[in-house]
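Below are my notes on the two-chain model you sent. They are set out as numbered points, to be read beside the structure.

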Amino acid sequence: MITATNVRKYFGNIVAVDDISVTIKEGEVFGLIGTNGAGKSTFLRMACGVLKPDSGTILVDENPVYEYPRVKANIFYIPDDQYFMPNATPVEAAQFYKDYYTAFDMNKFHKLIGKFQLEPRRKINTFSKGMKKQLSVLLGVCSKTKYMFCDETFDGLDPVMRQAVKSIFAGELAERNFTPVIASHNLRELEDICDCIGILHQGGVLMQKDLEEMKLNIHNIQCAFRNKEDEEIVLNMLDIVKSEKRGTLNVMTVRGKKDEIMDKIRSFSPIFAEILPLTLEEIFISETEVVGYDIKKIIF
Amino acid sequence: MISKKLFFKLIKQDLKKRIWCPLIFSIVYFLVLEVNMLRVIENITAFPNRYTYTISTYINDYFFGTYIAAIAIVVCFTAFVCAISGFSYLHSKVQLDIYHSLPVSRSQLFWSRYVSGILLFLIPFVVHVLICAGIVIARGEFYTNTIVAILNYVGVELIIFVLTYSVSVLAVILTGYIILSILGSIILFSYSFIIAVLVNALFDRFFHTFALYYASSAEYILTDGILGISPLAMIKRLFTDPNETIIADERFYKYNPDCIWVLVVAAIVYTVIAYIAYLKRASEAAGKAIAFSAAEPVIKTLIVIPAAFFSGIFFNLLLINNNPDGWFMFGLVFGYIIFACLIEIIFRMDIRGIWMHKKQFVFNAICTALMFIILKNDVLGYNTYVPADSQIQSCAVSIESLMPLEYIVDLPEYKGVYYVSANEYRMRTMEMQGNPSVMELARLAAKNGLRYTQYHYYDGIEQDPEYCATMEREQSYRGISFAYKLKDGKTVYRRYVIDIADTNTLKLLMNIFNDPSYKIGSIPLFGDGWDKEYNIVICTNNWDTSTTIELSAKQRSALLDAYQSEYMALTLRTVMDTCPIGTVRFLCDRNSTDTMYNSDTDTMLVYPQFEKTIALLKEYGFDMEATIHLDEVSGICVTKNENRAVAGQSSTETTIPEDLTIEYTDKEEIQQILNCILRGDLYWPIQNYTNFYDTRYDVYLKHEDYVSDLYKYYFKIGEIPEFIVSDE
């Protein structure tokens with residue numbers, strides 16, 4: 001389990017991470033989403049021991065990470081911008097990681113690299129960005145670490161490869177104690193794979209919940225009422241995150257249980273009322289909008 | 001679990017990654033080692049007469065000895081390359097994200113990189129040295145001492161490498177860009193040395209009493225103490241032969257073994273500092289100019305202020321005769337602005353960053369201005385400093401230009417014989433005590449603060465009334481140096497200008513010169529040479545070139561006693577008023593084959609008052625008072641020195657200019673000239689304290705059919721024959 005408590009990190013006068021407290025349970029896929037500059041990468045770099053928090057603690061399996069090689073032996077970090085040795089080939093890169101990660105599975109690496117159709121003896125610097133990301137994921141998976149931190153790793157993959165990586169993750173999750181932490185802007189992809197989501201904004205955590213629980217507690221509602229009085233009463237009764245009026249139609253994002261919300265609306269006999277599926281992206285936009293990250297303010 | 005095995009794996013990884021380093025080094029070593037060795041061996045074999053040494057000597061004493069210093073330059077270069085290539089990953093966020101996320105401690109990362117850097121140098125170097133050894137074996141010149149020489153060679157170069165390497169690694173760790181790492185390496189490598197040069201230059205520029213008297217004192221300032229902590233200073237000291245100015249047999253100086261330990265300790269210290277800095281360096285420092293932001297303003301100050309003063313000195317030197325203070329200030333301001341802006345641009349890598357730190361710009365400007373004001377106005381009283389009598393253990397004085405003979409003396413600290421100037425010898429050896437005139441003159445000189453006026457010479461300056469008045473006024477100015485040897489063990493040097501036209505000054509000066517301890521401290525013959533067994537004396541008089549007299553023990557004792565006692569009684573008044581009549585030079589057995597460099601002292605003057613000495617020399621076969629017979633001189637050549645309008649200037653000409661020369665062959669005229677000429681070389685040691693030589697004419701004697709230019713003669717002042725003047 002990874003436990004971050006009141007973690008802060010400053011870069012000069014800039015607060016990169018502001019009082020983050022997160023818990024990442026073992027065996028779950030944790031998605032870290034956030035606005036640009038929210039501190040996702042900084043948090044991951046602290047969690048894998050690259051950066052030292054200015055205050056607060058990050059414990060991995062109850063041990064500090066920074067300058068603890070034994071703890072770091074359980075973590076594989078794939079940064080947004082990967083680095084490989086100059087002129088190295090995939091096989092040489094695997095050998096490089098094998099020196100550090102004693103459990104590195106070379107057979108599995110050869111097997112996977114074949115499946116992903118990456119040439120083992122080709123120089124990595126001739127690979128495309130996506131191919132490099134594939135290779136990084138394969139290296140991480142074959143390192144057999146308990147935790148794998150992926151920073152924007154999925155963003156450069158084509159849809160087929162994304163599915164392939166997801167299936168590898170699924171296999172690893174089934175096979176062994178594996179906890180991927182994925183920071184990404186590609187919320188649709190995270191939605192498919194993540195068990196738990198943490199939303200970061202301006203260095204702090206807005207919320208951290210299981211994705212299913214999150215989806216059960218926030219809904220997109222479309223409804224229309226016969227008169228304005230009923231509409232006002234209903235809207236005041238609901239915990240609305242966001243609302244928009246299109247003619248007589250109210251489009252709202254509302255917190256609460258699905259049945260409870262619908263019961264409240266139906267008690268006023270609306271002309272029309274239905275619940276629409278809410279995507280992770282909509283949840284993210286809604287949550288960040290509450291704290292002022294309003295797309296309307298940015299675009300208009 | 002991970003430790004040792006991983007450590008070696010990391011080294012292996014790093015060696016693989018930087019395989020280009022040993023390849024480049026190998027090419028360089030091949031050229032400077034094997035190729036160079038074969039080239040010289042071939043030359044020695046082909047042209048043995050051109051060389052004063054054999055192949056064996058070349059290999060053992062030069063190639064694996066003196067050549068260490070030359071190879072050290074290459075080694076320093078390899079150290080820079082190894083450090084920058086090995087630790088520059090600290091400047092890359094991308095690389096740091098990988099290396100610092102791996103399950104390896106920073107400590108292991110540091111040491112693996114550090115060791116692999118050393119191996120990158122050492123492996124190819126040793127291979128090439130072994131190839132050289134193979135060449136030596138093939139030539140049949142390999143002896144037991146060759147092994148020792150090779151081990152020494154590799155050992156010394158390794159120490160130099162580690163020292164330079166550790167400093168460069170530190171520079172890379174402290175900085176965030178390659179360009180700054182290179183600059184940082186150069187600065188760390190030589191900072192104290194550069195500052196020592198600057199301090200020396202500033203003191204020389206601003207304090208007219210500043211003086212260095214040991215021939216090696218400038219060297220000492222550059223390489224010792226706090227100003228010698230830079231590797232450059234240490235390496236320079238290692239390879240500086242303290243006896244380099246000695247006139248001795250040709251030999252191959254290798255290095256000073258006493259300094260090796262200084263380098264070893266320094267290498268360890270710099271390595272430890274680099275290691276601590278590495279551990280403390282935050283990963284987010286990648287890409288920042290300076291990894292430790294707190295150090296940034298300090299570094300800027302330490303660079304910008306000295307750079308501004310260097311600029312001031314540069315402009316001052318460039319335009320020394322035109323308002324030097326103004327040009328110094330211009331250089332200071334110009335240099336300050338340029339360097340302050342430049343360093344900001346380098347630190348930010350953005351020209352818009354020039355004014356990012358206005359407060360620091362102002363702060364450094366104020367510091368620079370304050371330092372300039374302090375130096376310019378001598379706020380700290382450097383020029384007027386004279387220690388209290390109670391602080392002084394003893395004092396050394398050197399009346400400059402008064403018998404400034406050069407000496408060869410034993411200097412125990414350098415374990416050998418050293419060639420020193422009169423001033424240096426006096427500053428070292430003289431210990432005057434109990435003569436109140438010494439400190440009185442020092443205080444008077446410091447208070448008066450006289451100095452020579454600097455003029456920009458141009459044709460016709462002699463017509464400038466101000467110039468003439470100044471020259472007239474300063475004609476009686478003389479230099480005098482003091483070494484205040486304090487009770488706390490320190491020695492403080494000052495050089496003053498005094499005016500001997502001032503009665504009180506002259507009186508004090510006479511009291512100093514007349515003091516026997518001044519004479520004992522002035523001349524080795526009366527100091528450490530007292531007990532030496534001089535068995536030869538070379539004598540000259542006004543006419544004779546030189547006569548060598550071999551002395552028996554009894555004669556030596558009698559002559560030395562007589563000369564010493566009479567010299568001790570010599571007063572400055574006598575020196576100023578009396579023409580010397582000849583010279584004596586005492587030589588020892590050990591040097592009797594070469595009279596040029598074998599005396600402990602140069603020629604010593606003999607005055608008419610030295611009656612006992614003159615009598616003894618006459619007894620031993622040399623007449624100091626002898627006159628030249630008219631028959632010995634077939635003619636006299638008199639040359640007018642047109643450019644020597646001011647009395648006291650000496651000619652540097654070595655040939656007799658015929659177009660300005662008139663030859664006199666008439667016996668009567670010759671006799672008249674002989675009656676009023678004095679030998680020139682008797683004059684120069686006392687020229688600034690006498691006034692009886694007229695140097696407007698050079699006079700040469702002609703013996704039979706040749707003109708002897710061995711001695712130049714001058715007319716006595718006011719005694720130039722009429723016909724000489726009318727013949728002009």
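What share of the 728 residues in chain B is made up of buried residues? The first point takes this up.

1. Chain B overall. Buried residues make up 52% of the 728 residues in chain B; buried here means under 20% relative accessible area, exposed means over 50%, and partly exposed lies in between (1.4 Å probe, protein chains only). The secondary structure of chain B comes to 24 helices and 14 strands. Helices (H or I, at least four residues) and strands (E, at least two) are DSSP runs numbered from the N terminus. Of the contacts in chain B with a separation of 6 or more, 75% are between residues 24 or more positions apart, where contact means heavy atoms within 4.5 Å.

2. Basis of the model. This is a predicted model, in which local features need pLDDT of at least 70 and side-chain atom pairs count only at pLDDT 80 or more, while totals for chains, interfaces and linings use all residues. Residues are numbered from 1 along each chain as its sequence is written, chains are lettered from A and ligands numbered from 1 in the order in which they are written, and side-chain values use heavy atoms, with hydrogens and water left out.

3. Chain A overall. Chain A has 12 helices and 14 strands, and buried residues account for 51% of its 300 residues. Its C-alpha atoms fill a box of roughly 70 × 40 × 40 Å along the principal axes. Residues 24 or more positions apart supply 70% of the chain A contacts that have a separation of 6 or more.

4. Extent of the interface. The size of an interface is often given as the accessible area lost when the parts come together. Chains A and B bury about 2,500 Å² between them, with 60% of it on carbon and sulfur atoms; this is the accessible area (1.4 Å probe) that the two parts lose on being put together, summed over both. In chain A, Tyr83(A), Asp99(A) and Tyr100(A) lose the most area to chain B, together 28% of what that side buries. The contact takes 24 residues from chain A and 23 residues from chain B.

5. The rule finds 4 salt bridges between chain A and chain B, a salt bridge being a side-chain nitrogen of Lys or Arg within 4 Å of a carboxyl oxygen of Asp or Glu. One of them joins the side chains of Arg45(A) and Asp97(B), at 2.7 Å from N to O. Residue pairs in polar contact number 10, counting pairs with both at pLDDT 80 or more. A polar contact is a pair of N or O atoms within 3.5 Å; within protein, one must be able to donate a hydrogen and the other to accept it, and residues adjacent in sequence count only if both atoms are side-chain atoms.

6. Where the chain A side comes from. β1 (2–11), α2 (69–72) and α3 (90–100) of chain A each supply at least two residues of the side that touches chain B. The largest share, 4 residues, comes from α3(A). By class, this side has 16 nonpolar, 2 polar and 6 charged residues. Ala, Val, Leu, Ile, Met, Phe, Trp, Tyr, Cys and Pro count as nonpolar, Asp, Glu, Lys and Arg as charged, and the others, Gly among them, as polar.

7. Ser105(B). This residue lies in the loop between α4 (93–99) and α5 (106–138) of chain B. Ser105(B) counts as buried because its relative accessibility is 14%. Leaving out residues up to four places away in sequence, Ser105(B) touches Glu67(A) and Pro69(A).

8. Helix α16 of chain B. Which residues of α16 (465–474) are buried? They are Tyr467(B), Thr470(B) and Glu474(B). They lie on the same side of α16(B) because they cover an arc of only 65 degrees around the axis, taken from the directions from the helix axis to the C-beta atoms. The face turned away from the buried side carries the exposed residues Pro465(B) and Glu472(B). What covers the buried residues includes β4 (477–486) of chain B. At the N-terminal end, Asp464(B) caps α16(B), with a side-chain oxygen 3.1 Å from the backbone nitrogen of Glu466(B).

9. Positive phi. Most residues other than glycine have a negative phi. Ser401(B), in the loop between β1 (392–399) and β2 (407–411) of chain B, has a positive phi of about 65 degrees. Ser401(B) counts as partly exposed, at 31% relative accessibility.
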